[in-house]
There are 2 protein chains.
Amino acid sequence: MRLFARHGFAAVSMRQIATEVGVQAGALYNYTPDKQSLLFDLMREHMDALLDAWQQEDPGGTDARARLEAFTRFHIRFNTRRADAVFVSYMELRNLTGENFAAVTELRRIYETRLEEILRAGQDAGVFTLAEPRITAMAVIALLTGVNTWYRDAGRLKLDEVETLYWDMVRRLVGG
Amino acid sequence: MRLFARHGFAAVSMRQIATEVGVQAGALYNYTPDKQSLLFDLMREHMDALLDAWQQEDPGGTDARARLEAFTRFHIRFNTRRADAVFVSYMELRNLTGENFAAVTELRRIYETRLEEILRAGQDAGVFTLAEPRITAMAVIALLTGVNTWYRDAGRLKLDEVETLYWDMVRRLVGG
DNA sequence: TGGATAACTGAACGGGCGTTCAGATAAAAG
DNA sequence: CTTTTATCTGAACGCCCGTTCAGTTATCCA
């Protein structure tokens, strides 16, 4: 994943990957049928981990504001700790074959829907004001994922502080 | 640019590019010293065009709200019409050599600063409420660029409507 | 300990890569 | 029309690619 994130899928050879893990290229084929499957497995595992982790952290219940705050903090925390996987899962979609692409895209759609449902619930409860729940969901995800472009562990702001800043923005964005 | 966006820089060969424009691979070297320079030139031209276009559209003046709305609408319009260039300019940064990377990154920084200055002006004028102008600028840009992931010309919403939806979100985001 | 199974090596395969360049061709200039 | 200049072709260079596989080495189980 690190190699793919750093150089791009097409630019990384099976020989480089093999060197990284201390074997010859041929040995990799005991673990993956081909290079494309290796990429797909990495991406699917990342998306599965994302969905599972959110299922663990979602407080559920009827307090849409609390759930949205939890989502905001969760997304930032999860994605900054797996920057390589996030980058690859977004950028190398084009290197997947038709059905592999569809599978990963579907998992992404499900994740977006998790957020969308929180927004709809909040809207129904009268705590959020928003015109288009689906679009707002994608807007919020784009906003939050953007943290990855600048956040560094050694930077001025602790992750906690970043989460709070972004929660402020998200809260206002949804009219809550 | 289309080929790079669709398949990735490393996955596109000089022979493919040559075929696309109707010559043999060798002829390309009358126009670029090497493949890397070709990528760099495309990216730098895109960033230059972005900065120039905003300079044309920036209403200037002291009305920070009007300038921010203009920025929001401009960014969405410009980026959706050049989706390939936006994608490549973000994603293929890693394929640039040190100094080429620095040059493109600097142009991006300048663009972010244009927005940051609008936010600071609005903050000083008391029309915006935000804790971190720089971070808010990057958050807004990430939010707006996210339109590219889902917007299609043939979709349900006209670009005008999308601009209005996002301007609503941005306005609330900055406490305006 | 011995036999089976899993893991790995090292070489090979056909093929595509970026780039170069002598020679052919087209366009421009005088 | 002739000469000069700009473009382009087509072949070649050395190199690296993903993948396969016979043979070797390590691990596991009875």
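Is B:A25 buried or exposed, and what is its relative accessible area? B:A25 is buried, at a relative accessible area of 18%; buried means under 20% relative accessible area, exposed over 50% and partly exposed in between, with a 1.4 Å probe and protein chains only.

The legends below describe a predicted model, in which local features need pLDDT of at least 70, side-chain atom pairs count only at pLDDT 80 or more, and totals for chains, interfaces and linings use all residues. Residues are numbered from 1 along each chain as its sequence is written, chains are lettered from A and ligands numbered from 1 in the order in which they are written, and side-chain values use heavy atoms, with hydrogens and water left out.

**Figure 1. The fold of chain A.** Chain A contains 8 helices and 0 strands, where helices (H or I, at least four residues) and strands (E, at least two) are DSSP runs numbered from the N terminus. Along the sequence the pattern reads α-α-α-α-α-α-α-α. A box of roughly 60 × 40 × 25 Å, taken along the principal axes, is filled by the C-alpha atoms of chain A. Of its 176 residues, 48% count as buried. Among the contacts in chain A with a separation of 6 or more, 66% come from residues 24 or more positions apart; contact means heavy atoms within 4.5 Å.

**Figure 2. The surface and charges of chain A.** The 22 positive and 24 negative charges of chain A have mean positions 5 Å apart. Lys and Arg count as positive and Asp and Glu as negative, while His and the chain ends are not counted; each charge is placed at NZ of Lys, CZ of Arg, CG of Asp or CD of Glu.

Figure 3. The same surface serves both copies, as 100% of the contact residues of chain B recur in chain A. Chain B gives 35 residues to the contact, and chain A gives 35 residues. Between them the chains bury about 2700 Å², of which 66% is on carbon and sulfur atoms; buried area is the accessible area (1.4 Å probe) that two parts lose on being put together, summed over both. B:R94, B:I135 and B:R172 supply 24% of the area that chain B buries against chain A, more than any other three residues.

**Figure 4. The surroundings of B:A25.** B:A25 belongs to the loop between α2 (14-21) and α3 (35-57) of chain B. Leaving aside neighbours within four places in sequence, B:A25 contacts B:M14, B:R15 and B:A18. The C-alpha atoms of B:A25 and B:S13, 12 residues apart along the chain, are separated by 9.0 Å.

**Figure 5. A:V140 in helix α7.** A:V140 is placed in helix α7 (residues 133-145) of chain A. With a relative accessible area of 0%, A:V140 is buried. Residues up to four places away in sequence not being counted, A:V140 touches A:L115, A:V170 and A:L173.
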